[in-house]
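Hi,

Here is the structure I promised to pass on.

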Amino acid sequence: MGLARPRRGEAEGGPTIAGAFLAADLVDEVVIGHGTEALGTKGRMPAGDRGLEFLRQADRWQTVEERKIGADRLSVHRRLGRFPLASR
C-alpha cells in the first residue's frame with residue numbers, strides 16, 4: 001500500500017517559517033491574530049521580510065472571516081482558485 005499524500009497541513013511558527021512557506025507558494029490559508037501593540041520597539045514583520053500587504057492582492061486572496069477577540073482581532077484569508085470558499 002502506498003502512502004497517501006496529505007491534503008491539509010498546518011505550520012505554526014514565526015516570520016521566517018511563514019515567509020518561507022509563502023515564497024514556496026505552499027500557503028492556501030492564512031490566519032492572523034492582530035494584537036493592539038507592536039512586538040518590540042520597531043514591531044515585527046509577520047512573514048519574513050514582508051508585512052501583510054500580500055493579502056490585499058484581490059485576485060489571489062480573499063478575507064473569509066474577521067472577528068474581535070477582546071481588544072484583539074482575528075482574520076482568516078484564503079487563496080483563490082485552490083479550493084471552495086465555503087466555511088469549514
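Strand S3 (residues 72-79) is largely enclosed by the rest of the structure, because six of its eight residues are buried. Buried here means under 20% relative accessible area, with exposed over 50% and partly exposed in between (1.4 Å probe, protein chains only). Strands are DSSP runs of E with at least two residues, numbered from the N terminus.

Before you read on: this is a predicted model, where local features need pLDDT of at least 70 and side-chain atom pairs count only at pLDDT 80 or more, while totals for chains, interfaces and linings use all residues. Residues are numbered from 1 along each chain as its sequence is written, and side-chain values use heavy atoms, leaving out hydrogens and water.

S3 has two partners (strands pair if DSSP finds at least two bridges between them). With S1 (residues 29-34) the pairing is antiparallel, over six bridges, and Ile-32 sits opposite Ser-75 in S3. With S2 (residues 61-69) it is antiparallel too, over eight bridges; there Gln-62 faces Arg-78 in S3. The hairpin of S2 and S3 has two residues between the strands, and Gly-70 takes a positive phi near 65 degrees.

What about aromatics? Searching the whole structure turns up one pair. Phe-54 and Trp-61 have ring centres 5.8 Å apart and planes at 75 degrees, so they are edge-to-face. The cut-offs: centres of Phe, Tyr and Trp rings (the six-membered one for Trp) within 6.5 Å, with planes under 30 degrees apart stacked, over 60 edge-to-face and the rest tilted. Phe-54 is buried at 6% relative accessibility, and Trp-61 is buried at 6% as well.

Cheers

Definitions and conventions:
Helices (H or I, at least four residues) and strands (E, at least two) are DSSP runs, numbered from the N terminus.
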